[in-house]
Amino acid sequence: MAMNNFWNIKSCCIVMILWATCFPLLAQVPLNYKGKPFIDGISSFSMQTIPGRMELAFFDDGGEGVAYHDTTVTNDGAVLNHTNGHHRPGITPYVAFFREKEGVDISYTKDWADFNHPNKVDPKVNQLYIGWEEDGEWTNYTVDVLKAGKYRIITVYSNDDNAAELWVDGVPKTKLKLPVSTGNWHYWDQATVGEIIFEKAGQHLITFKYNRGANWAYLDFLLVEEFK
């Protein structure tokens with residue numbers, strides 16, 4: 001009996017070691033989280049990686065209360081882009097009505113609205129962005145952090161600071177500060193807006209929490225100090 005217990009314990013230890021080797025950091029994403037990385041069969045995204053760019057329109061699949069919270073059930077950007085003049089010539093429906101059946105409000109940069117004046121920094125043409133933001137809204141992103149360390153966060157944005165912040169795996173990590181008001185929803189700038197530390201590499205759940213006042217395109221995570 002004692003020998004059987006020994007081998008049972010040894011077998012369990014071997015299984016745990018193999019699990020830890022193959023899936024060393026999987027448990028960093030909260031176990032009760034039901035969202036999944038955004039995959040639509042058209043874009044090449046499967047999971048966004050850090051260091052790199054986290055496109056804010058590519059929030060997780062999972063719906064209201066899981067992958068995001070929005071104060072309206074409609075994607076107000078897609079609703080607007082169905083009106084005359086907002087679905088610009090040559091723009092695919094995929095871009096113009098991106099994720100139109102979900103509540104997060106998404107649009108894209110347009111010639112007559114975003115590029116008919118000087119910007120401090122121009123966004124990309126047809127850049128998707130989250131707009132129509134309201135107090136208390138948020139979006140979730142399952143990401144793969146390739147290197148533990150300290151990161152600088154850079155964004156392209158418009159209008160005013162809206163007291164946004166990032167949570168990681170359900171814990172508040174950093175506040176994001178838009179340093180200069182652009183003065184208009186379609187006047188764009190680029191800025192370093194904060195820093196964040198990922199103590200461990202692997203999969204993490206990033207929650208982007210925001211309020212009324214700004215349009216945000218993406219977050220670039222630039223590694224400034226790697227942790228060994």
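Me: Is glutamine 127 buried or exposed?

Reply: Some ground rules come before the case. This is a predicted model, where local features need pLDDT of at least 70, side-chain atom pairs count only at pLDDT 80 or more, and totals for chains, interfaces and linings use all residues. Residues are numbered from 1 along each chain as its sequence is written, and side-chain values use heavy atoms, with hydrogens and water left out. Buried means under 20% relative accessible area, exposed over 50%, and partly exposed in between (1.4 Å probe, protein chains only). Glutamine 127 has 3% relative accessibility, so it counts as buried.

Me: Where is glutamine 127 in the fold?

Reply: Start with the elements. Helices (H or I, at least four residues) and strands (E, at least two) are DSSP runs, numbered from the N terminus. Glutamine 127 lies in the loop between α4 (111–114) and β5 (128–130).

Me: Which residues is glutamine 127 in contact with, leaving aside neighbours within four places in sequence?

Reply: Contact means heavy atoms within 4.5 Å. For glutamine 127 the partners are Glu55, Ser107, Tyr108, Thr109, Ala217 and Tyr218.

Me: Now asparagine 159. What is its place?

Reply: Asparagine 159 is in strand β7 (residues 149–159). With a relative accessible area of 8%, asparagine 159 is buried.

Me: What does the side chain of asparagine 159 reach?

Reply: Think polar contact: a pair of N or O atoms within 3.5 Å. Within protein, one must be able to donate a hydrogen and the other to accept it, and residues adjacent in sequence count only if both atoms are side-chain atoms. Here the asparagine 159 side chain reaches the backbone oxygen of glycine 213 at 2.9 Å. Beyond four places in sequence, asparagine 159 also touches other residues, including Val180, Thr182, Trp185 and Ala214.

Me: How far apart are asparagine 159 and histidine 186 in sequence and in space?

Reply: They are 27 residues apart in sequence, and 7.4 Å apart in space, C-alpha to C-alpha.

Me: Which residues does a cis peptide bond join?

Reply: Read omega. The bond between isoleucine 50 and proline 51 is cis, with omega about 5 degrees. Proline 51 sits in the loop between β1 (48–50) and β2 (52–55).
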